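User: I would like to learn how to read the main features of a protein model. Could you take me through one case?

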Amino acid sequence: MDRKVVLIGAFDTKGPEYSFLASLIEKSGCKLITVNTGVMDDARQLHVDIPATEVALAGGSDIESLRKAADRGNAIKVMSDGAEVVVRQLFDREGFDGIIGMGGTAGTNVVTACMRGLPYGLPKICVSTVASANVSPYVGISDIIMIPSLTDIAGINFISKMVLRNAAGALKGMLGTGHDSTAEKPAIAVSMFGNTTPCVDRCREILDENGFETLVFHATGAGGRTMEKLAAEGALKGVLDITTTEWADALCGGVFSAGEERLSAPGSAGIPHLISPGCIDMCNFGAPDTIPARYKDRLFYEWNPNVTLMRTTPEENQKMGELFATKANAAKGKVAFIIPMQGFSMLDSRDENDQPQLFWDVAADQAFLTGLKNTLHPGIEIMELDANINDPVFAEKASSVFLEML
């Protein structure tokens, strides 16, 4: 059976470029479904299955109003919203096999808006003038492949031909591999940071030995948001939340915030959720010269040239304890806490000679526990273990408790 590929973008201003790309995809044996998001004129150079009029209506406006208003910013928002709706409806109705588009800043916004809502594993390619810059606003927590256009997307030349041929070839290759996104075993999520790696590695071994497929998420903002998304979608059987440091960044303005919804989805989905304060002793910033001036007198550790860690205070830790408790109080399923009383990270520990590491701060750690206990509903268990988070005994106890919850 022919593979079905959605080709989406502004066919009015990028007609020759899309015609060239369409010919490449059709030559590979795929059936095209074309979606025009161009506002200013009707597409003339290739067949359109879903016209811009339909996209605009799905976005809450109509194409004539957008043309008359000549408000580029609003038009992009409407077409982005509309593209997301019509492409998702198309996927639910026809189950296409891949999607590809291109654009400058505006076109990239429209194209990627509809791609972000599609399932993981489905091939998604965007050829973009901004693919070599910060693409996080466009990619978000999706698996979109961004390909730099090198030249502007304005005409067919030997550079653009090369880039579009490579993009079409990449799509063909991905389509040939299949994209089964169904877990073979029950899937469990575990959150990790460099500072909790020994703990998570041991937990993963234990979970794997017990017949689970362990998905480890790096707690860098995108990792936490992805984990929450999968929990909300019902893709996970439980979450072993070893590393909750993203809340420190959300509270202090660090670079790895996962937003205020972090710790919400497992409880809303009713799946088992075991929570540990892994790495909440630190907030993450970039290079030292990027740290806000208000923090100039704080304690820092340069983890690498691009990541600087700031020790959190007792006040910040108590606030996180209260926040964590509020999240757990709202959970519909099993939820519990396990606390490593000898430190929340590698830096918040004592070495083999009982010497304190840089972030060792008993008062700050205790403040988290105080905030947690003062706010948590009485029926939710808190287990206190006389170990550092990276001690094998902690990983084994956390895994054992979590397996019982499952």
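User: What should I take in before looking at details?

Analyst: Start with the origin of the coordinates: this is a predicted model. The protein has 14 helices and 14 strands. Its C-alpha atoms fill a box of roughly 75 × 50 × 40 Å along the principal axes.

User: How many of the residues count as buried?

Analyst: Of the 406 residues, 51% count as buried. Sequence separation is worth a look too: of the contacts with a separation of 6 or more, 71% are between residues 24 or more positions apart.

User: How do I read a sheet?

Analyst: The general idea is that strands of a sheet pair through backbone hydrogen bonds, either parallel or antiparallel. In this structure, five strands form an open sheet with parallel pairing, in the order β2-β1-β3-β4-β5.

User: Which strands stand at the edges of that sheet?

Analyst: β2 and β5 (145–148) do. Each has a single partner strand, so one side of each is left without a neighbour in the sheet. On average, neighbouring strands of this sheet are turned by 20 degrees against each other, direction ignored.

User: Which helix lies across β1, β2 and β3?

Analyst: Helix α1 (residues 15–27) lies across β1, β2 and β3 (98–103). The helix runs at about 175 degrees to β1.

User: Where can I see antiparallel pairing for contrast?

Analyst: Look at the open sheet of three strands in the order β10-β12-β11. β10 (282–285) and β11 (300–304) are its edge strands; each has a single partner strand, so one side of each is left without a neighbour in the sheet. The twist from one strand to the next averages 30 degrees. β11 pairs with strand β12 (residues 307–311) over four bridges in the antiparallel sense, and Glu 302 stands opposite Thr 308 in β12.

User: How is the packing of two helices described?

Analyst: Two packed helices are described by the angle between their axes and the distance between the axes. Here, helix α12 (residues 314–329) packs on helix α13 (residues 362–375) at an angle of about 30 degrees, and the axes are 7 Å apart. The crossing of α12 past α13 is right-handed. Residues making the contact include Gly 321, Phe 324 and Ala 325 of α12 and Ala 364, Phe 368 and Gly 371 of α13. The contact residues divide into nine nonpolar, seven polar and one charged.

User: How many aromatic pairs does a search of the whole structure find?

Analyst: Seven. One of them is edge-to-face: Phe 91 and Phe 96, at 5.3 Å centre to centre with 75 degrees between the planes. Phe 91 and Phe 96 are both buried.

User: Why is the pair of Phe 344 and Phe 368 edge-to-face?

Analyst: The planes of the two rings are at 80 degrees, with the centres 6.1 Å apart, so the pair is edge-to-face. Phe 344 lies in the loop between β13 (335–340) and α13, while Phe 368 is in helix α13, and the two are 24 residues apart. Both Phe 344 and Phe 368 are buried. Ring pairs link Phe 324, Phe 344 and Phe 368 into a cluster.

User: Which backbone angles deserve a check?

Analyst: Check positive phi values in residues other than glycine. Ala 70 has a phi of about 55 degrees and is found in the loop between α3 (63–69) and α4 (72–94). Asp 354 has a phi of about 65 degrees and sits in the loop between β13 and α13.

Note on methods:
Residues numbered from 1 in each chain as written. Predicted model: local features only at pLDDT ≥ 70, side-chain atom pairs only at ≥ 80, totals over all residues. Heavy atoms only, no water. Axes fitted to C-alpha atoms, helices over the stretch in contact; angles between N-to-C directions. Left-handed = near helix turned anticlockwise from the far one by under 90°. Contact = heavy atoms within 4.5 Å. Nonpolar A, V, L, I, M, F, W, Y, C, P; charged D, E, K, R; others polar. Phe/Tyr/Trp six-rings, centres within 6.5 Å; stacked < 30°, edge-to-face > 60°. Buried < 20%, exposed > 50% of the residue type's maximum accessible area, 1.4 Å probe, protein only. Pairing = 2+ DSSP bridges.
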